[in-house]
Amino acid sequence: MNTQAESTQTPTHTRALRLGVAGPVGTGKSSVVATLCRSLRHEFQIGVITNDIYTDEDARFLRSEGVLPIERIRAVETGACPHTAIRDDVTMNLLAVEDLERDFAPLDIVLIESGGDNLTATFSPALVDAQIFVIDVAGGGDVARKGGPGIGRADLLIVNKIDLAEYVDVDLAQMLRDARAARNGAPVLAHSKKQPDTEKELCDWVRRLHAAHASGTHTPTDPGPMAPHFHATEEGGYVHSHGNDQHPHTHR
Ligand SMILES: Nc1nc2c(ncn2[C@@H]2O[C@H](COP(=O)(O)OP(=O)(O)OP(=O)(O)O)[C@@H](O)[C@H]2O)c(=O)[nH]1
Ligand SMILES: [Mg+2]
């Protein structure tokens with residue numbers, strides 16, 4: 001029975017910070033997760049969930065890198081486009097996160113890597129407390145300008161593999177200006193796994209986020225639904241728009 005004493009008890013440990021890492025295929029999501037595990041595992045109790053469509057490749061990569069004890073890295077095989085499992089129906093991921101949190105309680109941080117998808121894929125706030133969106137210079141300097149919910153409104157945008165910019169003819173300064181212009185003041189991190197100072201900036205950002213989460217001052221925000229898109233029909237099609245404000249739908 002609930003007593004007065006029980007109801008006024010202060011919890012000794014907040015739920016783990018659930019931090020999503022999304023972005024197009026091959027931009028460096030697993031490498032970012034590996035960096036965070038290696039750098040923060042002595043400060044925080046960490047677990048990892050990976051998402052792949054048909055395999056557990058990312059989980060096997062992280063286990064082989066020795067970034068955490070192997071049992072703390074679990075794979076979800078989505079069997080479908082990654083965005084379906086991180087946004088449309090998060091059940092598989094939520095169960096995996098809850099199992100991990102129960103088996104290794106108390107965890108401080110659970111990192112959830114999305115399968116590589118396209119620029120429209122973001123996590124549901126029902127699954128994560130905050131999310132990082134990863135793009136890279138090798139995908140082209142204009143990607144930042146192309147925008148989308150992850151680029152525009154993820155908690156952190158990483159412009160990754162900056163060590164490669166000169167080899168792929170990308171004007172990094174311009175790409176970073178475009179990224180900042182797309183984000184209304186939200187943070188942008190120029191990052192490379194070959195540049196330890198940038199890895200430190202990433203870890204410091206996660207430390208600050210965890211502190212805000214633990215103190216109850218971090219408010220999870222939804223980067224928003226997919227951008228308006230076009231469905232062709234025999235009559236010439238209609239525009240199906242998922243806006244942010246009042247979820248307007250435009251059909252014509
Ligand atoms: N030069 C360079 N290569 C990087 C960097 N980060 C990742 N890579 C390489 O990019 C390739 C893809 O990296 P991953 O971390 O597997 O990328 P991912 O986004 O997890 O890939 P998927 O899960 O398949 O979508 C690998 O060959 C990495 O070694 C970086 O900062 N610089
Ligand atoms: Mg990966």
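**Note on the helices, metal site and contacts of the model**

1. Helix α5 buries Asn93, Ala96, Val97, Leu100 and Glu101. Here buried stands for a relative accessible area under 20%, exposed for over 50%, and partly exposed for values in between, with a 1.4 Å probe and protein chains only. Viewed down the helix axis, the buried residues of α5 fall within an arc of 130°, so they line one face of the helix; the arc is taken from the directions that run from the helix axis to the C-beta atoms. An α-helix has 3.6 residues a turn, so residues three or four places apart point the same way.

2. The model is predicted: local features need pLDDT of at least 70, and side-chain atom pairs count only at pLDDT 80 or more, while totals for chains, interfaces and linings use all residues. Residues are numbered from 1 along each chain as its sequence is written, chains are lettered from A and ligands numbered from 1 in the order in which they are written, and side-chain values use heavy atoms, with hydrogens and water left out.

3. Helix α5 consists of 13 residues and reaches 18 Å from its first C-alpha to its last, close to the 18 Å expected at 1.5 Å a residue. That expected span is 1.5 Å times one less than the number of residues. Helices (H or I, at least four residues) and strands (E, at least two) are DSSP runs numbered from the N terminus. The buried residues of α5 pack against β1 (17-22), β2, β3 (73-77), α4 (82-88) and β4, contact being defined as heavy atoms within 4.5 Å.

4. The magnesium ion (ligand 2) is coordinated by Ser30 through OG, Asp58 through OD and Glu113 through OE, at 2.2 to 2.3 Å. Ser30 belongs to helix α2 (residues 29-40) and Glu113 to strand β4 (residues 109-113), a pair that links distant parts of the chain, 83 residues apart. In sequence, the donor spacing is S-x27-D-x54-E. Ser30 and Glu113 are both buried. Donors are N, O and S atoms within 2.8 Å of the metal (3.2 Å for Na, K and Ca); water is not among the atoms, so the site may look incomplete.

5. The largest nonpolar core has 33 residues, and Ile49, Val110, Ile112, Leu127, Ile135 and Val159 have the most contacts inside it. At least two residues of this core come from each of α5, β4, β5 (130-136), α6 (143-146), β6 (156-160), α8 (172-181) and β7 (188-190). Another core, of 30 residues, lies apart from it and includes Val21, Phe44, Leu111 and Leu189. A nonpolar core is a set of buried Ala, Val, Leu, Ile, Met, Phe, Trp, Tyr and Cys residues joined through side-chain atoms within 4.5 Å. Beyond its neighbours within four places in sequence, Leu127 is in contact with Arg18, Ala85, Ile86, Val90, Asn93, Leu94, Val97 and Ile112.

6. A search of the whole structure finds 15 salt bridges, each being a side-chain nitrogen of Lys or Arg within 4 Å of a carboxyl oxygen of Asp or Glu. In one of them Arg207 pairs with Glu43, the closest N and O atoms being 2.7 Å apart. Arg207 sits in helix α9 (residues 196-215) and Glu43 in the loop between α2 and β2 (46-52), so the pair ties together parts that are 164 residues apart in sequence. Arg207 is partly exposed at 28% relative accessibility, and Glu43 is partly exposed at 42%. A network of salt bridges links Glu43, Lys200, Asp204 and Arg207.

7. Arg102 forms a salt bridge with Asp99, with 3.2 Å between the closest N and O atoms. The two are three residues apart in helix α5 (residues 91-103), and therefore separated by about one helical turn. Arg102 also meets Asp103 in a salt bridge (3.4 Å, N to O). Arg102 is exposed at 56% relative accessibility, whereas Asp99 is partly exposed at 32% and Asp103 is partly exposed at 40%.

8. Most residues other than glycine have a negative phi, and most peptide bonds are trans. The peptide bond from Ala105 to Pro106 is cis, with omega near -5°, and Pro106 is in the loop between α5 and β4. Asp169, in the loop between β6 and α8, has a positive phi near 55° and is exposed at 73% relative accessibility. Asn184, in the loop between α8 and β7, has a positive phi of about 55° and is exposed at 80%.
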